[in-house]
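Please look over the structure shown below, and then read the report that follows.

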Amino acid sequence: MNLWDLNATESRRRFLRNSGFGIGSVALAQLFAEEGRGAPATPVADPMAPKKPHFSPKAKNVIFLFMAGAPSQLDLFEPKPALTKYHNQPIPDSMKSALVDTFKQNARLMASPREFKHYGQSGMPFSDLLPHTGTCADDICMMYSLRTDITNHHPAQLILNCGTSMFGRPSMGSWVTYGLGSESRNLPGFVVLTSTSGLGIEGGASNWASGFLPSNYRGVTFRSAGDPVLYLSNPPGLNVEAQRLRLDAVSDLNQHHLASTGDTEIAARIASYELAFRMQASVPELGDFSKESASTLEMYGIQNEVTRPFGTNCLLARRMIERGVRFVQLYHSSWDDHADLNKKITKNCNMIDQPTAALLRDLKQRGLLDTTLVVWGGEFGRTPMYEVRLASPEPGKEGRDHHALAFAMWAAGGGMKGGLLFGKTDDIGFQAVENQMHVHDLQATILHCLGLDHTRLTYRHQGRDFRLTDVAGNVVHEVLT
Amino acid sequence: MNQSRILLTAGIAGVLGTILVASPQASPPKIKVDYQRDIAPIFQTRCYSCHGPAQQTNGLRLDIKAAAMAGGVSGPSIKPGSSADSKLIQLVSGTGKTVMPPVGPRLSEDQVALLQAWIDQGASWPETETPSQAGAPLKSAHWAFQPVHRPDPPSVRKRPWVRNPIDIFILARLESEGIDPSPEADRYTQIRRLSLDLIGIPPGPREIAEFVQDNRPNAYERLVDRLLASSQYGEKWARHWLDLARYADSDGYETDQLRPYAWRYRDWVINALNRNLPYDQFTIEQLAGDLLPDATVEQKVATGFNRNTLSNREGGADPEEYRVEQIVDRTSTMGTVWLGMTVGCARCHNHKYDPISQKEFYQLYAFFNNADEINISAPTPGELGQYLRARPEYEKKRREILGDLEKQLAPQQAAWEKKTLEAVSNPGKDYHWDRQWELLGLVWEGGKGGGQLEGRFIIETEPAKRTETQKERFFEYFLRQGELIDPPRFKELNIKDVVKKLDDLENAATRLTQAPTFFENPHPRTSYVHLRGDFRSKGIDVEPALPAVFGSPQWDKKPSRLTFARWLVSKQNPLAARVAVNRLWQELFGAGIVLTSEDFGTHGSRPTHPELLDWLASEYMDGGWDTKQMIRLIVTSATYRQSSRVRKELEVRDPANTLLARQSRVRLAAEIIRDSSLAVSGLLSNTVGGPSVHPPQPESVTKQAFETPWVESTGPDRYRRGLYIWLQRTAPYAQLINFDAPDPVRTCSRRERSDTPLQALNMLNDPVFFEAAQSLAMRILSEKNGGTADRIRYGFELCTSRPPDSDEIQRLTLYFNRQRDSLKSEPAAVPALFPNRVDGTDPVDAAAWTGLSSVLLNLDEFITRE
């Protein structure tokens with residue numbers, strides 16, 4: 001048989017059918033599926049094929065808005081009149097012992113420079129920095145009593161993402177795509193988008209690492225500059241037809257080699273090249289907003305320079321969800337306001353508030369919010385006291401230090417109770433006094449929304465069954481519908 | 001290896017392997033059942049969690065012979081000779097009311113059949129150490145803890161196939177299965193396989209021609225020797241070791257500061273491998289080189305192995321917490337690398353499966369707990385002379401800058417030190433001074449990769465006992481950070497200006513290469529058990545000691561790190577040699593004899609060829625831990641030399657190729673994929689060693705690293721081998737990560753081999769690979785005259801090390817013609833594809849050659865070792 005005179009695709013099909021290696025059917029099913037001809041891709045060779053959850057899920061997808069650097073809950077979500085009353089007073093002695101970091105024992109309380117308003121039927125408070133988010137109050141489940149273990153950025157980011165401060169464990173998006181696969185055939189199942197105020201994300205890629213899980217589950221970063229996916233563009237001088245010529249030649253030669261070696265890995269590589277080719281078309285299509293209505297673009301603030309970076313990522317996230325991407329994580333950094341908090345937090349809120357609200361509203365009006373879990377928050381919160389490490393700042397330019405004992409995060413859609421104010425902190429927001437929730441509990445709850453039992457989503461590595469929640473975590477049923 | 005296969009084999013390889021081999025059908029095995037091979041794995045994976053070292057539900061314990069035979073509260077459960085009367089069989093076969101195990105899937109019919117046959121054949125259970133008295137730690141019956149015995153090779157029928165003893169073990173097993181080995185690979189495959197495996201670079205056309213035509217009977221062995229003698233051998237095998245050493249060029253964590261001298265240790269590894277330093281010495285120098293009598297600089301440089309742990313210099317990080325993290329990591333890494341054990345599991349609690357208690361973990365930890373970080377001068381050849389010549393001038397300028405400042409500021413320095421030390425004993429009193437102490441632990445040597453706690457060590461050393469260098473460096477630190485003690489005086493003396501001048505002088509000075517090493521702290525720390533793994537919760541204090549499972553060697557005094565390192569590579573340790581030869585095997589066959597090369601414990605995989613593993617281990621030790629010789633032995637075996645062609649008739653019987661009835665096809669490691677494309681295109685730089693390089697990569701990758709600029713290398717440094725690429729922990733080089741280079745955050749003994757669309761995009765479109773395609777086109781056109789088919793033949797052989805067949809030539813010609821035709825209507829694309837000119841070649845043709853070259857670089861065969 002002479003393969004080369006035939007139409008490339010037809011020849012491949014015939015070749016696969018005739019090859020005597022017992023893999024023909026698998027590769028063929030894939031080929032048909034790639035061409036949109038029904039016949040769901042057989043899961044054998046595709047680690048991203050959709051898998052059944054442990055039980056019936058509320059949410060199918062997740063959008064995690066990760067506010068890296070730790071935003072101040074006391075200036076955004078929690079009005080604390082006592083802080084105003086005791087402004088500039090030392091913290092009560094009874095609280096000092098909870099501070100591992102001895103510096104903070106010297107610190108004085110700091111009133112919030114912001115005003116608060118109550119929104120929606122729930123009367124959920126938001127500061128004047130988040131007027132847009134406030135309008136979504138009745139879709140939001142606000143959790144005030146989060147707690148984490150460490151007050152350094154990177155270890156704490158790892159706890160929130162990977163369940164432990166130790167480097168090298170799989171992140172939440174990896175666990176979820178490992179557990180559920182992805183509905184998208186043309187895009188990666190776990191995508192990371194970043195928008196920053198100039199600095200990178202502390203800790204970088206370890207936050208979306210696949211750890212000991214196969215690297216197929218690693219978060220794929222879509223980049224705001226250059227190619228959105230690394231090496232997506234053809235080299236200069238090669239247009240799409242030339243790329244197809246290359247791929248057909250590579251595929252045919254690989255099939256020829258498959259016949260002489262009998263190694264089915266080659267069939268898998270051929271499929272990877274085909275997916276890569278499809279991504280070259282589907283990723284630019286994803287970022288092409290020309291078919292979005294003017295009102296949608298305006299809602300996300302795409303035309304406005306301040307809101308454009310985060311707004312673009314929010315709109316991309318919605319478009320990915322529509323196309324079946326399982327887990328989208330948006331990073332915005334940095335909220336690490338040790339000094340000049342009032343000015344810096346204002347700047348960040350101006351960037352993210354309108355797009356965040358637009359995302360919730362847009363998902364809702366398209367009927368996607370019920371099946372999409374949106375989570376908003378950072379790796380810890382900030383102290384009710386001034387930062388003391390820096391030389392005494394001018395009045396009005398104070399900041400707050402890291403605080404792991406109590407902080408707020410919120411979630412919406414995907415099975416979370418809208419308009420719920422869950423948990424409570426003491427008068428100055430120092431410690432939780434009601435419904436304390438460790439980040440492991442949050443993780444267990446997120447997985448639960450997706451139909452996954454966090455104690456059963458495990459991976460055997462070095463003789464142990466590992467899981468996202470390490471050895472802890474309880475589903476918090478009170479926040480669920 | 002595909003992912004599903006990894007999942008499968010990692011989970012149940014032990015059981016599955018045994019069953020497939022012992023009993024293809026679910027009928028009672030006719031062979032003699034072997035306790036260690038067939039029965040212990042079942043007990044371990046399905047019974048130990050309730051009837052093992054940690055728990056003995058209903059009094060039954062199955063990991064010790066006497067206890068197992070005695071039975072539990074309801075009497076004996078095993079009746080040798082009569083499976084029908086054995087309660088164990090009733091329970092596992094589910095004939096009665098109760099079924100064991102109570103959770104998880106039932107034992108398979110094969111497993112039950114094996115247990116039945118074992119009992120019927122007399123339940124023989126080889127004697128191991130007698131269990132100790134109640135309460136004392138127990139020794140283990142697990143295979144990996146038994147001494148290495150040199151087994152006699154079994155007898156085989158097909159003697160002529162055998163080239164060395166390795167083959168006897170492999171063949172015996174194949175013959176018992178009725179399987180023939182595969183034929184030998186052809187010469188082209190042989191030289192490509194050997195070149196990629198031994199030096200990590202494909203062979204050139206001349207080397208191929210010479211080898212293919214070499215009719216001498218020892219042509220193969222001569223090739224092996226030539227490759228082992230190449231300096232590229234050390235570069236290839238260093239990369240495996242650097243995975244274990246979690247090598248990187250930055251600190252890790254948030255600020256991820258630079259370690260500009262980490263490469264000095266990397267070069268030590270390359271050099272040690274090239275001079276074939278015996279593995280026992282290789283081990284001792286890396287773990288305790290600083291403690292050797294009259295240690296040389298190179299022996300100290302070797303201790304850089306353990307300087308590759310992460311450092312946290314973020315404000316608010318407690319340096320003691322992260323020092324403890326480092327010691328824990330050093331202990332765990334030692335466990336993986338030399339014991340093949342997950343000892344780190346015992347950090348927070350007793351190991352659930354292996355005989356390591358939490359106390360024993362901290363006894364191992366105690367060996368490392370007193371080793372402190374320090375950078376030393378470790379000049380490379382030629383450096384010292386220059387340095388010494390420049391020194392007097394430097395000293396003179398330095399004196400001019402400093403004048404008598406040290407004297408003038410002596411009272412301030414003394415007061416500053418006093419107040420800082422007071423803050424240590426009385427924290428929380430004045431945060432300014434708390435901060436001075438914190439800073440000293442965070443910023444000392446930051447960005448230089450130096451010992452983070454050295455400053456704290458110096459301040460705690462009485463001034464009179466400090467060395468001149470310590471005094472000098474500490475005074476400079478005081479100038480930079482000590483202003484708090486007397487701001488007016490610092491202003492008056494213009495210290496800011498002085499510091500700037502010092503910086504300028506330092507930046508312009510001729511410096512000596514530094515090396516990260518260790519020194520033993522003269523004030524020994526007490527080590528404790530950390531309750532629940534938290535260093536703030538101190539349990540009982542512990543002394544350095546071995547876990548009881550390894551016995552108690554006669555050490556006359558308090559054992560040091562050096563004593564421990566020597567024990568690790570002594571014959572008293574049953575694991576080091578087994579673990580090491582298994583890793584070599586893994587690199588040469590794609591999978592180890594123990595698949596889980598990082599875990600030889602009871603939850604790791606069982607060896608597929610236990611006798612062979614022991615034979616290799618004893619050969620390694622008896623041969624003086626000669627690594628090159630061990631590699632030579634393996635690659636000259638008939639087993640290694642087989643074809644890798646998949647055999648359809650074995651796909652069901654031995655899907656993972658554990659019997660080795662053929663070689664394996666293995667996708668190349670990330671670095672070798674890069675190196676190969678640079679080599680075949682003629683771009684590769686041959687420079688060995690030196691500081692790490694920054695080849696081009698998209699800004700969107702490098703910007704991920706916190707405030708660390710990526711200054712692109714120029715000239716030949718753009719084309720260095722992959723192992724020389726600067727490894728920034730928070731933003732590793734994208735191509736390496738795409739192809740499964742491990743995150744350099746902890747030890748890695750076995751890389752994954754995935755297959756993703758991002759890899760395809762990387763090979764197709766990355767400018768680095770496309771530049772290689774352009775350069776390969778240039779090479780084909782300038783080195784090969786003749787028609788299109790001749791040139792295709794040449795390029796194909798450059799990339800795959802074999803001549804193409806006629807179908808392949810035809811398909812590539814078809815591509816070439818189509819690409820050329822389409823370029824005729826697209827003249828603008830031509831210079832983009834081929835920017836240079838070759839005399840006598842039409843530019844359109846040349847551009848089509850770039851396309852064709854890139855097709856060759858994208859072949860599965862190009863990134864695979866057959």
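## Domains of chain B

Domain bounds, as used here, come from an automatic or database domain assignment. For chain B that assignment gives domain 1 (3-127), domain 2 (278-376 + 521-568), domain 3 (379-512) and domain 4 (767-865). Taken over C-alpha atoms, the centres of domain 2 of chain B and domain 4 of chain B are separated by 54 Å.

## Basis of the model

This is a predicted model, in which local features need pLDDT of at least 70 and side-chain atom pairs count only at pLDDT 80 or more, while totals for chains, interfaces and linings use all residues. Residues are numbered from 1 along each chain as its sequence is written, and chains are lettered from A and ligands numbered from 1 in the order in which they are written.

## Surroundings of I540(B)

I540(B) lies in strand 4 (residues 538-542) of chain B, where strands (E, at least two residues) and helices (H or I, at least four) are DSSP runs numbered from the N terminus. I540(B) counts as exposed because it has 9 C-beta neighbours inside 10 Å, the limit for exposed being 12 or fewer other C-beta atoms within 10 Å, with C-beta atoms placed from the backbone.

Leaving aside residues up to four places away in sequence, I540(B) touches Y528(B) and V529(B), contact meaning that the C-beta atoms, placed from the backbone, lie within 7 Å. The C-alpha atoms of I540(B) and T608(B), which are 68 residues apart along the chain, are separated by 41 Å.

## Contact between the chains

In chain B, 83 residues are in contact with 74 residues of chain A. Helix 34 of chain B gives the most to the side of chain B that touches chain A, with ten residues.

Note on methods. Buried ≥ 20, exposed ≤ 12 C-beta atoms within 10 Å, placed from the backbone. Contact = placed C-beta atoms within 7 Å.
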